[in-house]
Amino acid sequence: MLDFNRLQRLIGSTMYRDTVTVTRQVPCLDDEGADDYEMKDVYTDIPCKLSQASKPTMEKTDSTVVIGKDWRLYLAPAYEIQANDVIKVTHEGVTYLFNTATPFKYPTHQEVTLSRKDDA
């Protein structure tokens, strides 16, 4: 029988060399007591793996060429990532900002498709 806890530790010790901070829009009250929303960090500097899942794609328009990339985030399944979370990933000293899609969870890890916030 598979020991998923052991597999999670193995994946974490060999794959997760990047870190991610997850920010989410949460309900709050404004200064006048009305319902409002604010961005709040829900996880800070958790281990992860950022990856490009495929080769870049190119889409030509009349005036520009748009280059797209398929980004993926891998992390432990214990974290509750939601669609449209804003995440900041630090990979090899470079920081990237993304929005998340709905995660796909496995017993040993989860996989999250990302869209880059600064891509036009």
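In which sense do strand S6 and strand S7 pair, and over how many bridges? In this predicted model, strand S6 covers residues 86–91 and strand S7 covers residues 94–100, and the two pair in the antiparallel sense over 6 bridges. One place to look is Val 89, whose bridge partner in S7 is Tyr 96. S6 and S7 together make a hairpin, with 2 residues between the strands. Glu 92 lies in the turn of this hairpin, and its phi is positive, at about 50 degrees.

S7 can then be followed to another strand. S9, made up of residues 110–116, is joined to S7 by 3 bridges, and these two strands also run antiparallel. Along this pair, Thr 100 is found opposite Leu 114 in S9. S7 therefore has bridges both to S6 and to S9, where "pair" rests on DSSP finding at least two bridges between two strands.

The protein chain has 1 helix and 9 strands.

Some totals describe the protein chain as a whole. It has 120 residues, and 29% of them count as buried, a label that applies under 20% relative accessible area. Among contacts with a separation of 6 or more, 51% are between residues 24 or more positions apart. The protein chain exposes about 8300 Å², and 50% of that area is supplied by carbon and sulfur atoms.

Definitions and conventions. Residues are numbered from 1 along each chain as its sequence is written. This is a predicted model: local features need pLDDT of at least 70, side-chain atom pairs count only at pLDDT 80 or more; totals for chains, interfaces and linings use all residues. Side-chain values use heavy atoms; hydrogens and water are left out. Helices (H or I, at least four residues) and strands (E, at least two) are DSSP runs, numbered from the N terminus. Buried means under 20% relative accessible area, exposed over 50%, partly exposed in between (1.4 Å probe, protein chains only). Contact means heavy atoms within 4.5 Å. Accessible areas come from the Shrake-Rupley method with a 1.4 Å probe; for residues, only the protein chains shown count as cover.
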